[in-house]
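Here are a few notes to read with the model open beside you. Take them one at a time and find each spot as you go.

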Amino acid sequence: MTLPLMDTRDFLAFTLASPLSLPQQYHFHLGDHTQVDILDTGVIVFTPLTATATAKKDIVLSCAVHGNETAPIEICNQLIKSLLSETIITQHRLLFLIGNPSSILNKTRFLEENMNRLFSGAHSKGQGLVNAERIRAKALEKYVADFFNNGVSGSQRIHYDLHTAIRPSKHEKFAIYPYRPGRAFSGEQMMFLAACGVDTILFHHEPTTTFSYYSSEHFKADAFTVELGKVMPFGENDMTRFEDTHKMLTALITQDVVKLPDYNSASLNLYKVSRSINKSADDFAFSFANDAPNFSQFNQGETLATEAGTEIKVQQEVEAIVFPNAKVPIGQRTVLCLVPAPNEDVQ
């Protein structure tokens, strides 16, 4: 099975040919420099054979946690193809995850349940492991745990969970920095993202069940949910819009140290999550237009939504909104509200 993969170097096609599972794991070498381990469908690890005990990086790049978010899938597949073709050689341990192959084939965000709300053990709570997304989320957690736990002591742990957003955004590319109590935010990481073209950062305010929070909380990784634009079908992404992202991820993989400018908050749009609004009744409805872009701003006292005869109003002087979705099940988040964040603890 590795021979057809090495004929095309197309890991996405290899994954989609066996979307549920592989008949076996595969292990091989690229020259005398890299070991490749295909552990499951959509799960591939690259390990430098010359790695020493000196601290380097353990890097996770995940995509397709939502199967219709195609640009990150294409970016990761391009990087994997370059690695398999030996046109680039990784200097660090590297794990790629194609999160939900079945939903890619189905051309939908998910099959039964939003996978990015199923991490940190949420997959096994409530109704338990009753669908494919829950089973896959548990498996992905284990692959990340094994990868980080088997790394060299002292290595920097990084996880970029790559997405695209359902609706357009006033800031096209942005990243969510998971809640990390007791740890300062990394200025170096934010400058790396800025060099990727991701010039907007959202500091989260509480624990979540996202994939990036799982890596941040459980393994103290520098982890982000990275939104690279708007959802588009395969073949309709303008890949020139991701050149900076591709270039910087290539540098991250192939260079011992990526040279970056010093942290400068003026080069970034910084927000923090002031609150999340959860749905508690079937008649929940937003008061703004369905096509309102992410980061649309509203003034104190304006009505954001109505529910069960109650108006939900803007609480701060100005609040921006991101990820509005009124169609979620009762109990789930409908929108995040944001305020400027000029004074976060950044080191």
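How many bridges join β11 to strand β13? Two, and the strands they link run antiparallel.

Some ground rules before the points. This is a predicted model, where local features need pLDDT of at least 70 and side-chain atom pairs count only at pLDDT 80 or more, while totals for chains, interfaces and linings use all residues. Residues are numbered from 1 along each chain as its sequence is written, and side-chain values use heavy atoms, with hydrogens and water left out.

1. β11, β13 and β14 form an open sheet in the order β11-β13-β14, with antiparallel pairing. At its edges sit β11 (285-286) and β14 (310-313), each pairing on one side only. Look for Phe 286, which stands opposite Ala 305 in β13. Strands here are DSSP runs of E, at least two residues, and helices are runs of H or I, at least four, numbered from the N terminus; two strands pair if DSSP finds at least two bridges between them.

2. Now find Ser 62, in strand β4 (residues 57-63). Ser 62 counts as buried because its relative accessibility is 1%, and buried means under 20% relative accessible area with a 1.4 Å probe, protein chains only. Its side chain makes a polar contact (N or O atoms within 3.5 Å, one able to donate a hydrogen and the other to accept it) with the side chain of His 159, at 2.8 Å. Leaving aside residues up to four places away in sequence, Ser 62 touches (heavy atoms within 4.5 Å) several residues, including Leu 97, Tyr 160 and Phe 211.

3. Helix α6 (residues 187-195) is worth a look too. Gly 187, Gln 189, Met 190, Met 191, Phe 192 and Leu 193 are its buried residues. Their cover includes β6, β7 (174-177), β8 (200-203), β9, α8 and β10 (269-278). After α6 comes Gly 197, with a positive phi near 95°.

4. Finally, the holes. There are three cavities of 30 Å³ or more; a cavity is a set of points on a 1 Å grid where a 1.4 Å probe fits but cannot get out, and lining residues have an atom within 4 Å of a point. β6 (156-165), β9 (222-230) and α8 (243-254) each supply at least two lining residues.

Definitions and conventions: 1 Å grid on protein atoms, 1.4 Å probe; cavity = no way out; pocket = protein on both sides within 12 Å on 5 of 7 lines; lining within 4 Å. Points joined across faces, edges and corners; volume = space filled by probe spheres on them. Buried < 20%, exposed > 50% of the residue type's maximum accessible area, 1.4 Å probe, protein only.
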